[in-house]
Amino acid sequence: MVPNSLEKMVQLQRNPANIRNICVLAHVDHGKTTLADCLISSNGIISSRLAGKLRYMDSREDEQVRGITMKSSAISLHYAQGAEEYLINLIDSPGHVDFSSEVSTAVRICDGCLIVVDAVEGVCPQTQAVLRQAWLENIRPVLVINKIDRLIVELKFTPQEAYSHLKNILEQINALTGTLFTSKVLEERAERESEAPGAPGAGPAEQVYDWSAGLEDTDDSHLYFSPDQGNVVFASAIDGWGFGIEHFAQIYSQKIGIKKEVLLKTLWGDYYINMKAKRIMKVDQAKGKKPLFVQLILENIWSLYDAVLKKDREKIDKIVASLGLKIGAREARHSDPKVQIGAICSQWLPVSQAVLAMVCQKLPSPLDMTSERVEKLMCSGSQTFDSLPPETQALKAAFMKCGSEEADPVIIFVSKMFAVDAKALPQNRPRPLTQEEIAQRREQARRRHAERLTAAQGPGPAGPAAAESTPETSPEGEEPKGAVPQGDSATRRPAPQDAGGQETGQETFVAFARVFSGVARRGRRIFVLGPKYSPVEFLQRVPAGFSAPPDELPAVPHMARCTLEQLYLLMGRELQALEEVPPGNVLGIGGLQDVVLKSATLCSVPACPPFIPLSFEATPIVRVAVEPKHPSEMPQLVRGMKLLNQADPCVQVLIQETGEHVLVTAGEIHLQRCLDDLRERFAKIEISVSEPIIPFRETITKPPRVDMVNEDIGRQQKVAVIHQARDDHSRVPEGVQVDADGLVTVTTPNKLATLSVRAVPLPDEVTRLLEGHGDVIRALEQLASARPAQRTRDRIREFKGKLEQHLTGRKWRDAVDQIWSFGPRKCGPNILVNRTAAFRGSVWAGPAGAAGPEASRHRDLGNSIVSGFQLATLAGPLCEEPLMGVCFVLERWDQSRCEEAGASERQSRDPPGEGPPGGGDGGGPPEPAPEGEPAPADCYGPLSGQLIATMKEACRYALQVKPQRLMAAMYTCDIMATSDVLGRVYAVLSKREGRVLQEEMKEGTDVFAIRAALPVAESFGFADEIRKRTSGLASPQLVFIHWEVIPSDPFWVPTTAEEYLRFGEKADCENQARKYVDAVRRRKGLRVEEKIVAHAEKQRTLSKNK
Ligand SMILES: Nc1nc2c(ncn2[C@@H]2O[C@H](COP(=O)(O)OP(=O)(O)OP(=O)(O)O)[C@@H](O)[C@H]2O)c(=O)[nH]1
Ligand SMILES: [Mg+2]
């Protein structure tokens, strides 16, 4: 088969009704790339023999080596169904969690997706994740149940067993769809209600809450997967076959003489056929009747596999003849049964036919874009569609129409930037020469030859050099245009070669994009809208009806302009240059790297809003510091990291306060890929990489009720515990007062202000609430400066309500109203509560009410206290990691001598030269006291600065007198393992402090799905270890879920008799928290309390030992 010509593709691109933009989504290793191979081979781009082995879409070397996909990439395919011709833009996506951000970039520019499920493993965690992503983007899914051959060959199921198993898988995935659907309907309803609160006529009767209202009246039948709906294909991609039941309904309606419509309804389900009566009846299990699906479909496939595996030549020939197939002699005699099966099945039931037919019939074209999806794409942030300006709302029609007229606005979304070697771009690829060029070159060569001859005859000093500098075999050095005088060419020649040399090593970026409306033409000027761009602002600045070429419009923030320099058709490993791309197509755009970082909206009219940001499932958590092997190569590294940042949707590249260059990645494999890219493509230097920096959080807990041997702490022990707490207090220096229940009182060095602070652990729910509402808290901070939209205010109110709900009891009375700030960085999971009498200006209040110099001064000093709190929460006392789940209560803020302070501060602003007589009575920094007239407190600097430091210290001491704990980042770890390697999986898990949460046997198989919690700190090398210990049979998927308190006390020493008995006096057994604390402190260069010599008495010199 000849691959399709570019002209054909260009022609197909013009008919949006016959375009399908689809992506393949699944759990890792369920066969997406193999399936894509089959579809690609149907277009003749790869040979059908290689389909499944080549994994064409895995174009990176490491993808081929590791056998997993790491990026999403697109290819355009042609498919003809009867008279209709379709263009299918297929995007293969990775299934590994580390690369789930690539899935987000793919679903955004598609209208439908193929969900692939492994028939043995069934629905897996990533299947759920991708299905959810498809729902969030409002794209329509269809299902491919792949690897059915494994049911025959590996599990040795009978057709009947296979049928029940497949039914089971369908139920699982439909249950999942059901949950997504229900939650979506409920969410929408909640939204509608919140938008119209107190709608007229809402009497008391309507306030009765009926959770299921709205569910019944929403039609959901088309959402579910069912073979009779035509949205399920059963396949074995590796053997090249697949079918939907329509195929068989067609065949059997002719063969048996039952209507196709009837067969379509009954081929899947518990129906059997009474051959004699030619009637279809309900299955009666007792009579041992087989369902139609088993009898008419599965048994045929099973018997074919059976014949081939048993090498029953005769039977094979019979089947082949009865199916009317022609098998090549080479395949027919091949000794490998797999090859035979592939050859027969891929002719009998070609998977590409089944899948592409389903795609064209069941998935929407760009013209079918729902208005719901358009509205969602256009409403970023907390806006609603109705609140957009009318000019913007008008664009919705353009989306839905997908118009290609001149007047239609051009709207393009770039979902990611991918790096390509500049050499691989079509414009840089060597192209075949035209006839004229060949003639021209011939002429040139002849002339050169003649010149050389003359030069040889009359030898001059320039002779040999000139001859050398005109190598005949330098294709890229040749300038086909015109003859170049020889002397000139000798000097000019190196230039193009140099440029070529540079280009070979250069990466350029191509945008992975889709045209939603209008025609993208080369050379067109267009706006680039950043995520914060607001059309409202533009429309306010520019008078209505104003139109001008893009470059003459006034500058608006977050908007840039660019030219569509190159347009490409994405063909897997290749790019083809295009002049224009009509709407509804996926395309590549060159020349955007300076204006687009990772994703962007391009539009020809400024009324367009930026699309909502992509939703990423994975949280980048693994950080490493990188540096060049040779310090002089720093600039290359910085440049390389910048490129890497652009090329990967999910990686974060930071320069820390310490000057370290840090990469934050989603997981170990992602990290490996980023480092490889950095070394080989972007920086091209040797780099050294630190051990992964594992993040921790510090927190405090309530005092324990039981001791380490799980005994109640009785009276006597309590005394011991209090003794230990005293020891803790010894860490608090002189001059800081600590009362019995942990209230810490510190005075500023100049003795003018006194602060009393207490640290209280927050309930878990509150910490989680704070973590989940970072955006609301940030909005709260802006409350003082701007009035937020109604929706934001609603969310703030809701958030406050939830906080009040969780912070109940005497201890928390009024606490919510007294919240002063959140920290660290003003939006973290810690709270500062102000209980002082004169407190005004809680976070909920917005701009502080009271005016006047005194109030404003109070507020200024208050800011210092908040800053002190921010600093304290940024780095805790255990190992300088951020705090989490701690509430600091400011109980007293004594500033009785505030006037004085004001006076002294005013003085301090006077010219320098004055200072206090001494450094106060200890505690203050030992600054040299300058001579001059006495002005108390000056040497400590302005009061505001002192307050910051004092507040910070007070918070730290308040923490130290409470039981401190370390919190570790946790992964959930999903592993599929067969029963024979289960033991080894558990061994590895327990060695790494993993905790099994759930274990489930996949019905009908001996595969176990295990879900465990694993500290991130223990996860490095985990995947490799599991793979090695189980000989590659199990591979884990790790996803960050939350922070968890490590129960052991990092400062724990035995206090009670039982504990002494159990742990010994030294308690030198492992203390997990202590181990982590010490490791972090060592990394940060902090003091570590460590015994360097343990068991000194056992030391002997070698010579004595003899
Ligand atoms: N038995 C069997 N094996 C299959 C089938 N399809 C794919 N495989 C095998 O499953 C493995 C994974 O296939 P891939 O196509 O790379 O899977 P993938 O979904 O693209 O994986 P990721 O891209 O890493 O998520 C390969 O070893 C394939 O040979 C099938 O139909 N039957
Ligand atoms: Mg793949």
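Cys 402 is buried in this predicted model, at a relative accessible area of 5%; buried stands for under 20% relative accessible area, exposed for over 50%, and partly exposed for values in between, with a 1.4 Å probe and protein chains only. Cys 603 is also buried, and its relative accessible area is 0%. The cysteine sulfur closest to that of Cys 603 belongs to Cys 608, at 3.8 Å, which is too far for a bond. A disulfide is defined as a pair of cysteine sulfur atoms within 2.5 Å, and the structure contains zero disulfides.

The model is a prediction in which local features need pLDDT of at least 70 and side-chain atom pairs count only at pLDDT 80 or more, while totals for chains, interfaces and linings use all residues. Residues are numbered from 1 along each chain as its sequence is written, chains are lettered from A and ligands numbered from 1 in the order in which they are written, and side-chain values use heavy atoms, with hydrogens and water left out.

Ligand 1 is surrounded by 19 residues, and the closest are Lys 32, Thr 33, Thr 34, Thr 69 and Asp 149; a residue is near a molecule if one of its heavy atoms lies within 4 Å of it. By residue type, this shell consists of four nonpolar, nine polar and six charged residues. In this division Ala, Val, Leu, Ile, Met, Phe, Trp, Tyr, Cys and Pro count as nonpolar, Asp, Glu, Lys and Arg as charged, and the others, Gly among them, as polar. Helix α2 gives the largest share of the shell, three residues.

An N or O atom in the side chain of Thr 33 is 2.6 Å from an oxygen atom of the ligand, and a backbone N or O atom of Gly 31 lies 2.9 Å from an oxygen atom of ligand 1. A nitrogen atom of ligand 1 has a polar side-chain atom of Asp 149 at 2.7 Å. Ligand 1 exposes 640 Å² when taken alone, and 84% of that is buried by the protein; accessible areas come from the Shrake-Rupley method with a 1.4 Å probe. Two or more residues of the shell come from each of α2 (32-41) and α6 (148-153). Helices (H or I, at least four residues) and strands (E, at least two) are DSSP runs, numbered from the N terminus.

The magnesium ion, ligand 2, is coordinated at 1.9 Å by OG1 of Thr 33 and OG1 of Thr 69. Thr 33 is in helix α2 and Thr 69 in the loop between α3 (61-66) and β2 (73-81), so the pair ties together parts 36 residues apart in sequence. Both Thr 33 and Thr 69 are buried. Donors are N, O and S atoms within 2.8 Å of the metal (3.2 Å for Na, K and Ca); water is not among the atoms, so sites may look incomplete.

Most residues other than glycine have a negative phi. Asn 138 has a positive phi, near 60 degrees. This residue is found in the loop between α5 (125-136) and β5 (140-146) and is buried, with a relative accessible area of 18%. Arg 825, also not a glycine, has a positive phi of about 55 degrees. Arg 825 lies in the loop between β28 (819-823) and β29 (830-834) and is exposed, at 59% relative accessible area.

Key:
A polar contact is a pair of N or O atoms within 3.5 Å; within protein, one must be able to donate a hydrogen and the other to accept it, and residues adjacent in sequence count only if both atoms are side-chain atoms.
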